[in-house]
Amino acid sequence: MEVIIQPSERHATELAAQHIARLLRDKPSAVLGLATGRSQMGVYEELVRMHREEGLDFSQVTTFNLDEYIGLGPEHPGSFHHYMQEHLFGGVNVDPEHVHVPNGMVQEVDAHCVAYEAAIAAAGGIDLQLLGIGTDGHIGFNEPSSSLSSRTRIKTLAAETLRDNADAFAADEVPRHVITMGIGTIMDTRECLLLALGEHKAQAVAAAVEGPITASIPASALQMHPAARVVLDEAAASLLTRASYYKSVYEGKPDWQR
Ligand code: GLP
C-alpha cells in the first residue's frame, strides 16, 4: 500500500486525475472502475478539463461504476448514474455502450449482479479502480461486516451512511438498499486508487491504513491488494502515526519507481 499525502485537497485531487490520465495515455482502451461522492467531483472536473484542453481521449475506455441505489433510475438526481452523467460522462467522449452502472431499477437483482460480474470479466477485468471511503470505513457500499471476499450484490446501508448521504435526497427518501461491487470484486482489480479528503475521513483512513485487516473496516482489505494507492490531503491524513515515513517515501522516490 502506498500512502501519498498532499498539502491540499486540490493537490490530492489533481494527483488522482493525473494518475488516471497517465493510464489512459499508456492504454487508451483501459477499463476504469469509477466511484461517486463529493471527493471524486474534482477528479472528474479535472479529467473533463484535460479532455477539452489537452485532448485526453476516452473513446476506447470502458467503465464500471461501483454502486447504485435500488429504486432510482438514471434520470433521478440522487442516482449515481445521474451523478456520473453530470460530472464525467457528459463532458468526455466515452462511448455510452462502454459505460456500466448497476441498474437500480432492475427486477431480477441477483441475476443482474451475476451479469455485472460477467461483464467486468468479459471486458478483461478492471485496470484501475477509483475509490472513496465512507466515514464508517466502507468502500463502494460495502458496509462494516461485509465479507472481504464478497461479489456484486444487494446491501442495506448503515445509519451513518444514510446520514452522510442524506443531502442528495428529501428527508424521508434516502434509499436504504443498494447494489454494490463486492470487496472481492474490488480486490480483483489490477490497481486501486483511494482518494480521501477532509478531517471527517481521518479516523476511517487511519483504521483502514494502520489498523488490523477486518470486515469491521472494509477499506482495510486494501492492505492485501497488491497495488493500492491511498491519496490524502493533510486533514484526512491527520490521524496517521507514520505520516512522516509515507511522505519521505514519496518524496524520495527514485525515478525508476515513479
Ligand atoms: C458513497 C459511495 C462511496 C464513497 C462514499 C464517500 O457512500 N458509495 O463509494 O466512497 O460515498 O463519499 P464522499 O466522497 O462524498 O465522502
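The model is a predicted one: local features need pLDDT of at least 70, side-chain atom pairs count only at pLDDT 80 or more, and totals for chains, interfaces and linings use all residues. Residues are numbered from 1 along each chain as its sequence is written, and side-chain values use heavy atoms, with hydrogens and water left out.

Let us start with charge. Side chains of opposite charge can pair when their charged atoms come close. Here a salt bridge is a side-chain nitrogen of Lys or Arg within 4 Å of a carboxyl oxygen of Asp or Glu, and the structure holds 13 of them. One joins R49 and E53 at 2.8 Å, N to O. Both residues sit in helix α2 (residues 38–54), four residues apart, about one turn of the helix; helices (H or I, at least four residues) and strands (E, at least two) are DSSP runs, numbered from the N terminus. R49 is partly exposed at 28% relative accessible area, while E53 is exposed at 58%. For these words, buried means under 20% relative accessible area, exposed over 50%, and partly exposed in between (1.4 Å probe, protein chains only). R49 and E53 also belong to a network of salt bridges that includes R25, E46 and E54.

Other bridges reach further along the chain. E117 pairs with R151, their closest N and O atoms being 3.0 Å apart. This pair links distant parts of the chain, 34 residues apart: E117 is in helix α4 (residues 109–122), and R151 is in the loop between β6 (128–131) and β7 (153–156). E117 is buried, with a relative accessible area of 16%, whereas R151 is partly exposed at 34%.

Now look inside. A search of the whole structure finds one cavity of 30 Å³ or more. A cavity is a set of points on a 1 Å grid over the protein atoms alone where a 1.4 Å probe fits but cannot get out, and lining residues have an atom within 4 Å of a point. About 40 Å³ of space lies in the largest cavity, a volume being the space filled by probe spheres set on the points. Its lining includes M1, I133, L194 and V230, and α7 gives the largest share, three residues.

Finally, I213 lies in the loop between α7 (202–210) and β10 (228–233), and I213 is partly exposed at 37% relative accessible area.

Technical notes. 1 Å grid on protein atoms, 1.4 Å probe; cavity = no way out; pocket = protein on both sides within 12 Å on 5 of 7 lines; lining within 4 Å.
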